[in-house]
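Welcome, and thanks for taking a look at this one with us. Please have the sequence and the model at hand as you read.

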Amino acid sequence: MKPTIVLVGRPNVGKSTLFNRLTRTRDALVADQPGLTRDRHYGIGRVGDRDYLVVDTAGFDPVAKDGIMHEMARQAEQAIAEADVLLFLVDGRAGRTPHDENIAARLRRAGRPVHLVVNKAEGIDRAMVAADFHALGLGDPLPVSAAHGDGVKQLVELVLAPFPTDDEKEHSDDEGPKVAIVGRPNVGKSTLVNTLLGEERVIAFDMPGTTRDAISIPFERGGKRYTLIDTAGLRRRGKVFEAVEKFSVIKTLQAVQECNVVVLVLDAAQDISDQDAHIAGFALEAGRALVVAINKWDAVDNYRRDRLETDIARKLAFLSFARFHRISALKAEGIVGLLKSVDAAYSAATANLATPRLTRALQQAVARQAPPRHGLARPKMRYAHQGGMNPPVIVIHGNALDDIPQSYVRYLERCFMDAFDLKGTPLRIQFRTTQ
Ligand code: GDP
Ligand code: GDP
């Protein structure tokens, strides 16, 4: 599982600056997607070949007793409990404050590795700062400058060193796709899991070896095998699965990272919320194949259905690559169709795209609509090859490809999606200019 780094510190020390720095490599991938807003507290990052999750506990106040600060403190407590590594940020320019000392006292009892990070360290006397913060009792402070990026890469390498790198090994085909069922509380995830699994369909059930392992539950439907990845604490109680823990964003995000196909469950009786959109955005950012299950379709009238369709078109426009299913987990309606789309999305995500066919599809797309001229240069697209899968990466070679507008990239995505029937998976398009 990908390690989770949680940022803690009093306001203004630079947590969001560091968060942006740690997740920036991914930003470009999701830039300009219509309707997509980023969750500024949860993100994916990559340094070298290491992927990780980052959580920013902005607003953390360990002594707040009520109100919104209390709610934020509660969420920060949950994030601390689920962290693999805690980065405690302090401000090298402001020096040690009583607020820092309160947080340090809390973190010393966290039972998690804590690294003391002195931010805004550009051009300051490091020895003096180190002596000042040493008094927090959290070891040697690590200097960084989040704003300038100094020391950030080294910081990530240092704190992630104890965690095994997962070698991204290809999932063996006979176990079928790894599926994560995600969604906010009460949309019907546990009901769907029970409907999917039934008791007799579970093939085996491994309990996790350590708390970091996700539970995976292999099962069979329609002669095909799947592996369900546990999300928010789905646990077996007797013969059924239930969500016994409170909803956890971190566990949801970990499951999204772990799986091949995300099933995003929405509640037809509710409008699309920011939380729905953020979970969907995260799946897109992670490059996961995705199927949307609009659940509780049995419980809503036509007026509500129409309203929901409008709401989805507006708020989930960036999921145009995915198939949507109207289902009832409770009445077991629409499940077969849903699983067919899971299969199709998995095939699309892992498809082999041969260079000659890709190049032909590219030429047809360009013939129908040429890329816009940029200044004096007319971009010229010569050929395309596959640069990766899960999600499929299509690398386009040619001249003057540096400033292809996002709208044209999306046009190409649609062309490739149609040509190769890739519905269900996001695509990544990269350009290589050859002189
Ligand atoms: P947060 O409240 O902890 O999330 O802090 P922010 O990320 O919003 O940063 C607070 C202020 O510190 C902003 O004005 C940043 O521009 C500034 N800041 C962040 N990182 C650095 C840094 O490395 N050096 C300097 N000099 N300023 C920084
Ligand atoms: P979770 O928190 O996402 O795991 O949601 P649950 O599976 O616990 O379901 C929350 C509530 O919605 C329960 O009362 C379920 O009985 C109900 N529910 C789940 N699926 C459906 C459905 O398809 N139709 C209707 N009418 N109710 C459902």
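The notes below cover the domains, a ligand shell and a sheet of this predicted model.

The protein is split into domain 1 (4–166), domain 2 (178–350) and domain 3 (355–433). Where domain 2 and domain 3 meet, domain 2 contributes 15 residues and domain 3 contributes eleven residues.

On the domain 2 side of this contact, β13 (289–295) and α10 (335–349) are the elements that give two or more residues. The largest share, five residues, belongs to α10.

## Around ligand 2

Ligand 2 has 16 residues around it, and the closest are G188, K189, S190, T191 and L330. Helix α6 (residues 189–197) supplies the largest share of this shell, with three residues. The shell is made up of six nonpolar, seven polar and three charged residues.

## The three-stranded sheet

Next comes an open sheet with the strand order β15-β16-β17 and mixed pairing. β15 (380–388) and β17 (428–433) are the edge strands; each has a single partner strand, so one side of each lacks a neighbour in the sheet. From one strand to the next, the twist averages 25°.

Strand β16 (residues 393–399) and β17 run parallel and are joined by six bridges. Here you can find I396 opposite F431 in β17. Helix α11 (residues 355–368) lies across β15 and β16, and runs at about 140° to β15.

How values were computed:
Residues numbered from 1 in each chain as written. Chains lettered and ligands numbered in written order. Predicted model: local features only at pLDDT ≥ 70, side-chain atom pairs only at ≥ 80, totals over all residues. Near = placed C-beta within 6 Å. Helix = DSSP H or I, 4+ residues; strand = E, 2+ residues; numbered from the N terminus. Nonpolar A, V, L, I, M, F, W, Y, C, P; charged D, E, K, R; others polar. Pairing = 2+ DSSP bridges. Axes fitted to C-alpha atoms, helices over the stretch in contact; angles between N-to-C directions. Contact = placed C-beta atoms within 7 Å. Domains from an automatic or database assignment.
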